[in-house]
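Colleague: I would like to go through this model and ask what stands behind each label. Please set the values against the cut-offs as we go.

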Amino acid sequence: MIPIIQVENGEIPSPRGYAVSMVIKSFKGRRDVEVHLFRPEWDEADEAEIKWDNLFGSPATLDAIPNEKNDRKIILESFTLEERDQVVEYLKEHYSSRLESIFSTPMEFPVPAGLPPLSSITEGKDIGLIKFEKVPHFNLSFALRGLYNLGAHRPLVETRENDDN
């Protein structure tokens, strides 16, 4: 059975604010790949129902540049409690044999300003996206993406350099 860790730490000041990640046992030649899940799109109504006052704190780093539109995306990409539960059930139903674990936690508020939203990160050699909504059995009412970085994970087959040269 796949471990599902759902951290509950009281009320959060927004209807959105639950983060979900999963660890895939083996993926694209790597082991234990962590994938951060997010909503790549939302309705204007989702944005209108959030009271934005006091949701953002100081910039995450000295060189971070707060940007109200991008800062809001951080929260809009996260899940409501109901969506979080739907994502976990979907993953359990379709991917349980491939997953090491599923982890969910409420975001910490205030969210540091100036962080890049997951939907703005560009795919590259090691960084990629899983587009769950493209999978034939996808049945959630909202699009779901997963961001991973293969460079942060060990290869399935370890390579050793020959020391005899």
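Colleague: Which residues have the most contacts inside the largest nonpolar core?

Modeller: This is a predicted model, and its largest nonpolar core has 26 residues. Met 22, Leu 37, Val 87, Leu 91 and Phe 132 have the most contacts inside that core. Two or more residues each come from β2, β3 (30-38), α3 and β5 (99-106).

Colleague: What is Leu 91 in contact with, leaving aside its neighbours within four places in sequence?

Modeller: Leu 91 is in contact with Met 22, Leu 37, Ser 96, Leu 99, Ile 102 and Phe 132.

Colleague: Why does Arg 16 count as buried?

Modeller: The relative accessibility of Arg 16 is 2%. Buried means under 20%, so Arg 16 counts as buried. Its place is in the loop between β1 (4-6) and β2 (18-27).

Colleague: What makes the pair of Arg 16 and Glu 83 a polar contact?

Modeller: Their side chains are joined at 2.6 Å, and the cut-off for a pair of N or O atoms is 3.5 Å. Beyond its neighbours within four places in sequence, Arg 16 is also in contact with other residues, among them Arg 39, Asp 46, Phe 79 and Phe 109.

Colleague: How many aromatic pairs does the structure hold?

Modeller: The structure holds 7 aromatic pairs. One of them joins Phe 79 and Phe 142, with ring centres 6.2 Å apart and planes at 50 degrees.

Colleague: Why is the pair of Phe 79 and Phe 142 called tilted?

Modeller: Centres within 6.5 Å make a pair, and planes under 30 degrees apart would be stacked and over 60 edge-to-face. The planes of Phe 79 and Phe 142 are at 50 degrees, so the pair is tilted. Phe 79 lies in the loop between α2 (68-76) and α3 (81-95), and Phe 142 in the loop between β7 (127-131) and β8 (145-149), so the pair ties together parts 63 residues apart in sequence. Phe 79 counts as buried at 0% relative accessibility, and Phe 142 is buried at 8%.

Colleague: What makes the pair of Tyr 95 and Phe 132 edge-to-face?

Modeller: Their planes have 75 degrees between them, at 5.9 Å centre to centre. The cut-off for edge-to-face is over 60 degrees, so the label follows from the angle. Tyr 95 lies in helix α3 and Phe 132 in the loop between β7 and β8, so this pair ties together parts that are 37 residues apart in sequence. Tyr 95 is buried with a relative accessible area of 12%, and Phe 132 is buried with 2%. Ring pairs link Tyr 90, Tyr 95, Phe 132 and Phe 138 into a cluster.

Colleague: Which residues lie nearest the centre of the largest pocket?

Modeller: Of the 22 residues lining that pocket, Ala 19, His 36, Ile 74, Met 107 and Leu 118 lie nearest its centre. The volume of the largest pocket is about 510 Å³. Two or more lining residues each come from β2, β3 and β5.

Colleague: How many helices and strands are there in the chain?

Modeller: There are 3 helices and 8 strands, in the pattern β-β-β-α-β-α-α-β-β-β-β along the sequence. Buried residues make up 38% of the 165 residues.

Terms used
Residues numbered from 1 in each chain as written. Predicted model: local features only at pLDDT ≥ 70, side-chain atom pairs only at ≥ 80, totals over all residues. Heavy atoms only, no water. Helix = DSSP H or I, 4+ residues; strand = E, 2+ residues; numbered from the N terminus. Buried < 20%, exposed > 50% of the residue type's maximum accessible area, 1.4 Å probe, protein only. Polar contact = N/O pair within 3.5 Å; in protein donor to acceptor, adjacent residues only side chain to side chain. Contact = heavy atoms within 4.5 Å. Phe/Tyr/Trp six-rings, centres within 6.5 Å; stacked < 30°, edge-to-face > 60°. Core = buried A, V, L, I, M, F, W, Y, C linked by side-chain atoms within 4.5 Å. 1 Å grid on protein atoms, 1.4 Å probe; cavity = no way out; pocket = protein on both sides within 12 Å on 5 of 7 lines; lining within 4 Å. Points joined across faces, edges and corners; volume = space filled by probe spheres on them.
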